[in-house]
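These exercises are worked step by step. Try each task before reading its solution.

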Amino acid sequence: MEEAFPTPSTGRSYTCTNDLYIAMEIIHDEEDTRFYIILEGGEAELTYSITDQGHMDFDHTFVPEQHRGQGIADRLVKEGLEHAQACKCMIVPSCPVVEAYVKRHKEYDAIVNWD
């Protein structure tokens, strides 16, 4: 069974899978306009662009196949939405994963631009 162990002192969280701890730090690369996690065997990422209106258009989510089904995409989406909220930025959910997430989490309704 998988359990998450937050570590407030570092801001990182670790996931325990079969007694193996893997760092799951989400990195925001503003220059490359993406949020990503370095995983064994690749990276998971949420990419975005900035629209003419200054909105964050979340357009693509990718998780390597061997890491799918573990909630990693949701963690990336939540991080992106939290960043947008903190910056008082509207978002466009172009990616189907982001669209599904915001439909399940009504607390982000105020920052979603559906146009």
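**Exercise 1. List the residues in contact with Arg34, leaving aside its neighbours within four places in sequence.**

Solution. Step 1: apply the cut-off, since contact means heavy atoms within 4.5 Å. Step 2: with neighbours within four places in sequence set aside, Arg34 is in contact with Ile27, His28, Asp29, Glu43, Glu45, Leu46, Thr47 and Tyr48.

Some notes on the numbers come next. The model is predicted, so local features need pLDDT of at least 70 and side-chain atom pairs count only at pLDDT 80 or more, while totals for chains, interfaces and linings use all residues. Residues are numbered from 1 along each chain as its sequence is written, and side-chain values use heavy atoms, with hydrogens and water left out.

**Exercise 2. Place Arg34 in the chain and decide: buried or exposed?**

Solution. Step 1: Arg34 is found in strand β5; helices (H or I, at least four residues) and strands (E, at least two) are DSSP runs, numbered from the N terminus. Step 2: buried means under 20% relative accessible area, exposed over 50%, and partly exposed in between (1.4 Å probe, protein chains only). Step 3: Arg34 has 12% relative accessibility, so Arg34 counts as buried.

**Exercise 3. Find the salt bridges that Arg34 forms with Glu43 and Glu45, and the network they belong to.**

Solution. Step 1: a salt bridge is a side-chain nitrogen of Lys or Arg within 4 Å of a carboxyl oxygen of Asp or Glu. The structure holds 6 of them. Step 2: in the bridge between Glu43 and Arg34, the closest N and O atoms are 2.9 Å apart. Glu43 is partly exposed, because its relative accessible area is 33%. Step 3: Arg34 also bridges to Glu45, with the closest N and O atoms 2.9 Å apart. Arg34 lies in strand β5 and Glu45 in strand β6, so this pair ties together parts that are 11 residues apart in sequence. Step 4: for another salt bridge, take Glu82 and Lys78, whose closest N and O atoms are 4.0 Å apart. They are 4 residues apart in helix α1, so about one helical turn separates them. Step 5: through shared partners, salt bridges join Asp32, Arg34, Glu43 and Glu45 into one network.

**Exercise 4. Which residues of α1 are buried, and what covers them?**

Solution. Step 1: the buried residues in α1 are Ile72, Ala73, Leu76, Val77, Gly80, Leu81 and Ala84. Step 2: their cover includes β5, β6, β7, β8 (91–93) and α2 (96–104).
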